[in-house]
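Open the model in your viewer and keep the selection tool at hand. We will go stop by stop, from one chain to the other.

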Amino acid sequence: MANPQMVMYDEEFQQINAVIEKLLREANAKVIFLVDKNGQLITGCGETERFDTTSLASLTAGNIAATGGLAKLIGEKEFSILFHEGEKDNLHISIVAGRVILVVLFDSRSSLGLVRLRVKKASEELSAIFGRLTEKAAEKEKSGESDFPFAEITDDDIDNLFN
Amino acid sequence: MSFINYASREINCKIVYYGPGLCGKTTNLQYVYQKTAPEAKGKMISLATETERTLFFDFLPLALGEIRGFKTRFHLYTVPGQVFYDASRKLILKGVDGVVFVADSQEERMDANIESVENLRINLEEQGYDLDKIPYVVQYNKRDLPNLVSVEELRRELNPTGVPDFEACATTGEGVFETLKAVAKLILHDLKKG
């Protein structure tokens with residue numbers, strides 16, 4: 001398959017949240033969220049309740065995919081950072097560990113320079129955590145260990161979803 | 001591919017509706033959106049041209065409930081059907097878990113249907129997927145219109161491998177949920193295999 005399935009465990013989830021909460025404070029940002037390149041929201045912090053994060057996640061991934069297409073057309077592998085400047089709010093979007101998208105929403109209380117600086121540091125920490133997650137998933141697969149919740153799924157379970 | 005979060009006990013899957021221009025992909029999503037309880041659905045996003053043709057994609061997040069203690073979310077996407085939007089279609093297939101092919105049952109659209117299935121197969125292959133191996137269902141839409149191709153012929157041309165298929169009229173909603181349910185089932189069965 002093009003991309004291996006992404007699995008998130010409790011320990012790494014907490015570590016990731018700690019990194020983005022620190023980034024939120026240090027970069028004076030309003031909202032930070034992490035998105036899978038396929039458009040699924042992984043986690044977020046800050047004023048998340050003010051925004052439709054599911055839609056933001058999907059459009060961000062679409063944006064990254066489209067920009068990646070542009071990059072290929074001019075002979076680049078991908079563009080690792082995107083920046084959108086608005087009248088009040090700005091979006092700084094970057095790719096972490098090749099498959100996760102880090103989105104920082106900030107206003108005039110912060111600056112692009114500060115956000116770039118802090119994002120760089122946080123990206124290194126996030127890359128390390130995602131590296132461990134990948135190793136963990138590979139180890140679990142190798143050992144045949146599975147705590148997969150759907151192993152016992154029945155047709156009734158699925159039918160109930162639509163009732 | 002799906003995203004399983006053990007920490008927040010959520011599972012997210014991506015379903016893509018594919019098919020030729022004006023076959024009713026967006027109408028399928030609009031019907032699902034209208035008929036879903038507000039608490040189960042997110043906002044439907046349509047990136048369309050002024051003439052209502054899909055430009056990039058339509059997106060509808062659906063939270064259908066819990067399975068074995070996991071919140072199950074399906075993210076429904078359509079692709080732009082017009083031939084010249086092929087680059088967009090390729091991008092939207094990234095990370096897909098299941099595909100619905102929406103065929104236009106009108107006789108004059110048969111060539112467009114066949115071309116679109118071929119295009120789906122090629123674009124999936126470019127992303128590393130095999131149409132014969134991923135969860136896949138076919139919908140024969142617009143069964144309410146005149147000048148119809150018979151279901152037998154549609155099957156022969158568009159569904160030679162015999163995946164689950166459904167007759168539909170997306171404007172009235174006939175067959176819409178049956179199609180969605182079938183692909184969701186195939187995805188969950190696929191996940192079960194691990």
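Color chain A by secondary structure and trace the sequence: the order is β-α-β-β-α-β-β-β-α-α. That gives 4 helices and 6 strands, where helices (H or I, at least four residues) and strands (E, at least two) are DSSP runs numbered from the N terminus. The C-alpha atoms of chain A fill a box of roughly 50 × 40 × 30 Å along the principal axes. Of its 163 residues, 44% are buried; buried means under 20% relative accessible area, exposed over 50%, and partly exposed in between (1.4 Å probe, protein chains only).

A word on the ground rules. This is a predicted model, with local features needing pLDDT of at least 70 and side-chain atom pairs pLDDT 80 or more, while totals for chains, interfaces and linings use all residues. Residues are numbered from 1 along each chain as its sequence is written, chains are lettered from A and ligands numbered from 1 in the order written, and side-chain values use heavy atoms, without hydrogens or water.

Next, select Leu70(A), Leu73(A), Ile74(A) and Phe79(A). They make a nonpolar surface patch of about 450 Å². Patch residues have over 30% relative accessible area and no salt bridge; nonpolar side chains (Val, Leu, Ile, Met, Phe, Trp, Tyr) are joined within 5 Å, like charges within 9 Å. Phe79(A) sits in the loop between helix 2 (53-73) and strand 4 (81-85) of chain A.

Now cross to chain B. Select helix 5 (residues 176-193): its 18 residues reach 27 Å from first C-alpha to last, close to the 26 Å expected at 1.5 Å a residue. That expected span is 1.5 Å times one less than the number of residues. Buried positions in helix 5 of chain B include Val176(B), Leu180(B), Ile187(B) and Leu191(B).

Stay on this helix and show Lys185(B) with Asp159(A). Their side chains meet in a salt bridge (3.3 Å, N to O), that is, a side-chain nitrogen of Lys or Arg within 4 Å of a carboxyl oxygen of Asp or Glu. Lys185(B) lies in helix 5 of chain B and Asp159(A) in helix 4 (residues 155-161) of chain A, so the pair joins two chains.

Move to Arg89(B) and Asp86(B). This salt bridge is 3.1 Å, N to O. The two residues are 3 apart in helix 2 (residues 86-92) of chain B, about one helical turn. Arg89(B) is buried at 4% relative accessibility; Asp86(B) is partly exposed at 21%.

Conventions
Areas by Shrake-Rupley, 256 points an atom, 1.4 Å probe, with all protein chains shown as cover.
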